[in-house]
Amino acid sequence: MEKWTSYYIEKMAEVNRGFPVPPKALVMTYGCQMNARDSEKLAGMLVEMGFDMTEDEDAADLVIFNTCCVRENAENRLYGNLGNFKVRKEQNRNLKLVLCGCMMQQDMVVEKIKTSYPYVDVIFGTFNIYRFPQLLHTSMETKGMIVDIWQEAPEIVEDLPSLREYPFKAGVNIMYGCDNFCTFCIVPYVRGRERSRRPEDILAEVEALAKDGVREIMLLGQNVNSYAGDISFAELLHKVSEVEGIARIRFMSSHPKDMTDDVIEAIRDLPKVCNYLHLPFQAGSDKLLHDMNRKHTKKWYLDLIDKVKAEIPNISLTTDIMVGFPGETEEDFEDTLDVVRHGRFASAFTFIYSRRLGTPADHMEDQVCESVVKDRFNRLLDEVNRITGELSAEKLGQVLEVLVEGVGKDGLLHGRADDNSLVHFAGGSELAGQLVDVKIIEAKTFYLTGEIV
Ligand code: SAM
Ligand code: SF4
Ligand code: F3S
């Protein structure tokens with residue numbers, strides 16, 4: 001850990017020891033797995049600074065909003081929530097409000113916060129989360145808003161403390177940033193250029209997690225298969241597979257253009273690597289794929305998934321799909337549906353294109369009208385869900401190995417099978433974190449029900 005991070009963690013701990021009871025902190029996370037992982041680090045630092053974590057908005061003395069700007073609705077959710085905190089802040093002058101994450105990397109957002117939400121205490125971005133303890137300490141000692149946004153990451157800071165959501169599964173960043181500049185996407189601008197972690201640092205983290213009881217690892221990056229840290233991504237999968245105690249390995253996301261044979265072989269040959277591949281295709285038409293700068297064609301993608309399915313017959317494929325990209329015609333959309341039918345995805349994240357200021361697509365002509373997009377989106381969902389339901393039904397009678405996550409509201413245990421399907425079944429809460437065999441007796445579109453065998 002950077003020496004200033006530990007120095008200010010200790011200084012904040014000193015401040016917090018002065019209170020009769022430890023102050024409470026809440027981290028609200030928007031966006032993707034990258035943000036979820038960053039939030040674990042923020043929570044880890046908060047605990048070391050002497051805060052107790054809470055889920056209760058009313059009880060919190062400090063609230064961090066870890067923001068996302070990939071679509072407009074993610075941003076609107078933040079503004080809505082932030083507005084709600086105005087009253088709380090008026091009632092409790094000691095309440096600290098902290099904003100960080102991708103949204104804060106955009107100048108106009110920070111300007112808007114300064115003028116419309118002046119009661120925010122601290123703002124930082126995606127490149128300097130390890131400076132959070134220092135910024136918080138400074139904010140305790142001064143009046144007014146503290147803003148510290150960096151434009152790039154000078155280094156990868158290792159060994160930040162972390163508070164995991166689950167004791168038995170964990171996300172591990174293998175790389176940060178993105179170099180692909182898909183024309184619709186804001187991520188490269190707010191997360192910077194690709195930086196891969198050293199394999200030895202990744203392995204040391206996985207080994208420590210295994211010793212701490214973690215069974216399942218999710219290797220994280222915007223584009224894991226372009227990993228470039230001395231060894232290839234496939235070699236990294238082999239190395240992580242050798243770590244004793246880890247039972248399952250997943251990874252996301254993969255970019256189709258970087259999907260090499262050795263990665264396909266690693267999924268096929270390494271028993272710990274789950275038969276699960278998330279491979280976003282966004283759109284079917286070659287014209288749109290070109291305009292999106294995705295660097296592959298429809299045929300190339302379909303050939304790739306045919307190859308994956310031929311090599312790994314029980315692979316579960318999932319994807320991301322977008323409708324309403326500028327210039328999308330009915331014919332282009334039919335191409336997208338065609339890929340959906342051919343790909344037969346176990347599930348798909350479907351998105352309506354959202355204009356992002358500063359991206360090339362925002363300047364494109366022929367932005368598609370809202371009612372047409374909504375109609376296409378609904379037709380896409382129907383097709384995706386029909387196939388999800390069909391694939392789900394095929395699992396009836398099968399025995400799946402499930403990593404138990406815990407007890408749900410329905411009183412049943414729930415967990416994920418190797419292929420990532422969600423399974424509900426009766427059993428004791430002491431099974432959380434264990435791998436159990438479950439026979440599937442009922443198949444709903446989005447989850448399966450079974451019984452332990
Ligand atoms: N790096 C991953 C990849 O390319 O596969 C995806 C990361 S991005 C956070 C997740 C998904 O958000 C993308 O696959 C895309 O479908 C969607 N997305 C990105 N920008 C978007 C935009 N401007 N409007 C709507 N959806 C968007
Ligand atoms: Fe965005 Fe494309 Fe990078 Fe994914 S690969 S994060 S969609 S620019
Ligand atoms: Fe959102 Fe940032 Fe992830 S923009 S989707 S939280 S990388």
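Helices (H or I, at least four residues) and strands (E, at least two) are DSSP runs, numbered from the N terminus.

Before going on, I noted that this is a predicted model, where local features need pLDDT of at least 70 and side-chain atom pairs count only at pLDDT 80 or more. Residues are numbered from 1 along each chain as its sequence is written.

**Helix α12.** I took residues 330-343, 14 residues that should span 20 Å, and the end C-alpha atoms are 20 Å apart, which agrees. Next I looked up its buried residues (under 20% relative accessible area, 1.4 Å probe, protein chains only). They are Asp332, Phe333, Thr336, Leu337, Val339, Val340 and Gly343. Down the axis of α12 they fall within an arc of 155 degrees, so they line one face of the helix; the arc is that of the directions from the helix axis to the C-beta atoms. They pack against α10 (286-291), α11, β13 (316-323) and α13, where contact means heavy atoms within 4.5 Å. After α12 comes Arg344, with a positive phi near 45 degrees.

**Helix α9.** Which residues are buried in α9 (residues 261-269)? I found Val263, Ile264, Ala266 and Ile267.

**Leu237.** Leaving aside neighbours within four places in sequence, I saw Leu237 in contact with Leu219, Ile249, Phe251, Val263, Ala266, Leu270 and Val273.

Methods. Chains are lettered from A and ligands numbered from 1 in the order in which they are written. Side-chain values use heavy atoms; hydrogens and water are left out. Buried means under 20% relative accessible area, exposed over 50%, partly exposed in between (1.4 Å probe, protein chains only). The expected span of a helix is 1.5 Å times one less than its number of residues.
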